[in-house]
Amino acid sequence: MRAMAKVDENIRQRLLAWVQYLLDEYNLSVPEMAKRMGISSPGLYMILNQRRTPGLDFVIKLHRAFGRSMDVFVDQDPPVSRSRTTSR
């Protein structure tokens, strides 16, 4: 059972990383992203602050709002955001 919890934690962290990436990449505020996904701003803040665990419905809404395959959000880390890279 512990191994399953670890997998779930890894997926949760990956989803959080994707949300942050999409916020940065699309230059969205949390309320703007929540509206685009069709969820409440407080709900998205709770997920970002790790007080709520995103479920399958959250992944489906990410997929519909941003046009990426659902398995990408679960299985792949997000690319490095352009706004987070440093220029030399």
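Student: Is Arg12 buried or exposed?

Tutor: This is a predicted model, in which local features need pLDDT of at least 70 and side-chain atom pairs count only at pLDDT 80 or more, while totals for chains, interfaces and linings use all residues. Residues are numbered from 1 along each chain as its sequence is written, and side-chain values use heavy atoms, leaving out hydrogens and water. The classes rest on relative accessible area with a 1.4 Å probe and protein chains only: under 20% is buried, over 50% exposed, and in between partly exposed. Arg12 has a relative accessible area of 13%, and is therefore buried.

Student: Which residues is Arg12 in contact with, leaving aside neighbours within four places in sequence?

Tutor: Arg12 lies in helix α1; helices (H or I, at least four residues) and strands (E, at least two) are DSSP runs, numbered from the N terminus. Contact means heavy atoms within 4.5 Å. With neighbours within four places set aside, the partners of Arg12 are Gln50, Thr53 and Pro54.

Student: How is α2 oriented to α4?

Tutor: Axes are lines fitted to C-alpha atoms, for helices over the stretch in contact, with angles from 0 to 180 degrees between N-to-C directions. The two helices, α2 and α4, pack at an angle of about 95°, with their axes 8 Å apart. Angles under 35 degrees count as roughly parallel, over 145 as roughly antiparallel, 65 to 115 as roughly perpendicular and the rest as oblique. The orientation of α2 to α4 is therefore roughly perpendicular.

Student: Which residues of α2 and α4 make the contact?

Tutor: The residues of this contact divide into six nonpolar, no polar and two charged. From α2 come Met33, Arg36 and Met37, and from α4 come Phe58, Lys61, Leu62, Ala65 and Phe66.

Key: Ala, Val, Leu, Ile, Met, Phe, Trp, Tyr, Cys and Pro count as nonpolar, Asp, Glu, Lys and Arg as charged, and the others, Gly among them, as polar.
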